[in-house]
Amino acid sequence: MHGYGIAQRLQQVSDDVLQVGESSLYPALQRLLLNGWLRAEWRASENNRRARYYTLTAAGRKQLVAEREDFTRMVGAIQKVLDMA
């Protein structure tokens, strides 16, 4: 997807809870590119404008698995703390 499409999809999938602005999204995408977790290519968008499209690399998919595991552990720990109350 291209950057704007990623932001729109996050908002849609999260039922408008997550709204990522350009000032956060594009630096994050750049960091992912620099880490080798994404690759990017310039193509024409749906409205025929030039847009940069991003795709996860194999290393990015591996990192995503690790991040999901960390997130799941964190959510479990937070739930335990909340359950104490």
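**A salt bridge to start**

Select Asp70 and Arg73: they form a salt bridge, the closest N and O atoms being 2.2 Å apart (a salt bridge is a side-chain nitrogen of Lys or Arg within 4 Å of a carboxyl oxygen of Asp or Glu). Both residues lie in helix H3 (residues 58-84), three residues apart, about one turn of the helix. Helices here are DSSP runs of H or I with at least four residues, strands are runs of E with at least two, and both are numbered from the N terminus.

Before moving on, a word on the source: this is a predicted model, in which local features need pLDDT of at least 70 and side-chain atom pairs count only at pLDDT 80 or more, while totals for chains, interfaces and linings use all residues. Residues are numbered from 1 along each chain as its sequence is written, and side-chain values use heavy atoms, with hydrogens and water left out.

Now colour by accessibility, where buried means under 20% relative accessible area, exposed over 50%, and partly exposed in between (1.4 Å probe, protein chains only). Asp70 is partly exposed at 41%, and Arg73 is exposed at 53%.

**The other salt bridge**

Glu41 is partly exposed at 41% relative accessibility, and Arg43 is partly exposed at 39%.

**Zoom out**

Switch to a cartoon. Three helices and two strands make up the secondary structure, in the order α-α-β-β-α along the sequence. The C-alpha trace spans about 55 × 30 × 20 Å along its principal axes. The radius of gyration is 16 Å, whereas a compact globule of 85 residues would have one near 12 Å; it is taken over C-alpha atoms, and the globule rule is 2.2 Å times the number of residues to the power 0.38. Of the 85 residues, 19% count as buried.

**The nonpolar core**

Which residues make up the largest nonpolar core? Select Ile6, Ala7, Leu25, Leu29, Leu33, Leu38 and Tyr54, seven residues in all.

Centre on Leu33. Leaving aside neighbours within four places in sequence, Leu33 is in contact (heavy atoms within 4.5 Å) with Leu38, Arg39, Ala40, Arg52 and Tyr54.

**Two loops**

Go to the loop between helix H1 (3-13) and helix H2 (22-34), where you will find Leu18, which is partly exposed at 46%. Asp16 lies in the loop between H1 and H2 too, with a phi near 70°, a positive value in a residue other than glycine. Asp16 is partly exposed at 48%.

Then select Asn48, in the loop between strand E1 (38-44) and strand E2 (50-56). Phi of Asn48 is near 65°, again positive in a residue other than glycine, and Asn48 is exposed at 65%. Most residues other than glycine have a negative phi.

Key. Core = buried A, V, L, I, M, F, W, Y, C linked by side-chain atoms within 4.5 Å.
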